[in-house]
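Work through the exercises below with the sequence and the 3D structure open. Each task is followed by a solution in steps.

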Amino acid sequence: MSSYDQLILILKSISESTKASTIGAVLKKLNHFGFSLIALLLVLPFMQPIPVGPISVIGGMTFAALGLQLLKQQKIPVLPKKILNISLQQHHWQKITQVCMFIIKVSKKITRPRLKNLVSSGLGLKCEGFILIAGGLLMAIPFGVLPLNNFFPGLAILFGALAQFEQDGLFILISFFWLIFSVFYFALFFLGIYLLGSEGINYLPEWLAHWT
């Protein structure tokens with residue numbers, strides 16, 4: 001049975017439960033998939049062209065914290081006890097699992113098992129953890145006015161999460177591409193700021209002479 005099939009069965013069992021369940025209990029059922037699902041759901045609001053302000057800093061640090069937990073080989077995401085003890089009724093879990101299953105089923109159409117070394121065993125955990133840490137830290141940089149500053153690191157996190165559902169190592173490589181592209185994109189921004197500043201300093205004496 002593929003990881004995709006296992007995850008769908010787990011989500012269906014959560015959806016079909018007849019009693020309220022806490023977030024902590026559900027995460028235990030999801031086991032390692034909890035990291036990928038949380039990352040997938042959290043990254044979607046950041047997939048927009050305009051900056052989202054301080055929220056990106058909070059979101060980015062959350063992704064980095066999840067990645068660090070993966071590197072420490074935590075079996076399930078470690079969240080504050082107040083969050084883990086929150087109990088949701090069955091109809092709430094139905095809606096949440098339906099959204100998750102829809103996204104996963106769509107991803108099924110474009111993913112397949114390949115390059116499994118990048119998504120399984122210790123190396124797979126390290127790759128996913130690194131992607132979450134690097135993508136989260138890049139997202140947390142407070143650019144303010146730079147368009148797509150959240151979008152490109154978000155793509156890295158998105159592909160990293162989708163890679164786990166069908167054990168698709170190619171998506172891990174795509175994630176690394178978007179991380180590298182994000183660094184290149186941000187470097188161009190800083191280079192542009194530096195060049196504009198240098199030009200401004202060159203014209204500063206003439207500007208001062210004009211007003212004296």
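**Exercise 1: a helix pair**

H7 and helix H8 (residues 151–165) pack with their axes 8 Å apart and at an angle of about 160°. Task: classify the relative direction of H7 and H8.

Solution. Axes are lines fitted to C-alpha atoms, for helices over the stretch in contact, and angles run from 0 to 180 degrees between N-to-C directions. Angles under 35 degrees count as roughly parallel, over 145 as roughly antiparallel, 65 to 115 as roughly perpendicular and the rest as oblique. The angle therefore makes H7 roughly antiparallel to H8. The crossing of H7 over H8 is left-handed (the near helix is turned anticlockwise from the far one by less than a right angle; clockwise would be right-handed).

The model is predicted: local features need pLDDT of at least 70, side-chain atom pairs count only at pLDDT 80 or more, and totals for chains, interfaces and linings use all residues. Residues are numbered from 1 along each chain as its sequence is written, and side-chain values use heavy atoms, with hydrogens and water left out.

**Exercise 2: the chain as a whole**

Task: list the elements in order along the sequence.

Solution. Helices (H or I, at least four residues) and strands (E, at least two) are DSSP runs, numbered from the N terminus. The chain has nine helices and two strands. Their order is α-β-α-α-α-α-β-α-α-α-α. Of its 212 residues, 42% count as buried (buried is under 20% relative accessible area, exposed over 50%, partly exposed in between, with a 1.4 Å probe and protein chains only).

**Exercise 3: a covered helix**

Task: state how many residues of helix H3 (residues 33–43) are buried, and name them.

Solution. Nine of the eleven residues of H3 are buried, and the helix is mostly covered. The buried ones are Phe33, Gly34, Phe35, Ser36, Leu37, Ile38, Ala39, Leu40 and Val43.

**Exercise 4: links across the sequence**

Task: find the salt bridge of the structure and place its two residues.

Solution. The criterion is a side-chain nitrogen of Lys or Arg within 4 Å of a carboxyl oxygen of Asp or Glu. A search of the whole structure gives one salt bridge. Asp168 and Arg114 form it through their side chains, at 2.7 Å from N to O. Asp168 is in the loop between H8 and H9 and Arg114 in the loop between H6 and H7, 54 residues apart. Asp168 counts as buried because its relative accessibility is 0%.

Ser15 is buried, since its relative accessible area is 13%.

**Exercise 5: positive phi**

Task: locate Gln73 and Leu115, and assign each an exposure class.

Solution. Gln73 is not a glycine, yet its phi is positive, near 60°. Gln73 belongs to the loop between helix H4 (54–71) and helix H5 (81–84). Its relative accessibility is 56%, so Gln73 is exposed. For Leu115, also a residue other than glycine, phi is near 50°. Leu115 sits in the loop between helix H6 (90–108) and helix H7 (121–140), and is partly exposed because its relative accessible area is 45%.

**Exercise 6: a nonpolar patch**

Task: name the residues of the nonpolar surface patch and give its accessible area.

Solution. The patch consists of Phe184, Leu188, Leu191, Tyr194 and Leu195, with about 540 Å² of accessible area together. Patch residues have over 30% relative accessible area and no salt bridge; like charges are joined within 9 Å, nonpolar side chains (Val, Leu, Ile, Met, Phe, Trp, Tyr) within 5 Å. Areas come from the Shrake-Rupley method with a 1.4 Å probe, and for residues only the protein chains shown count as cover. Leu188 is in helix H9 (residues 169–211) and is partly exposed, at 45% relative accessibility.
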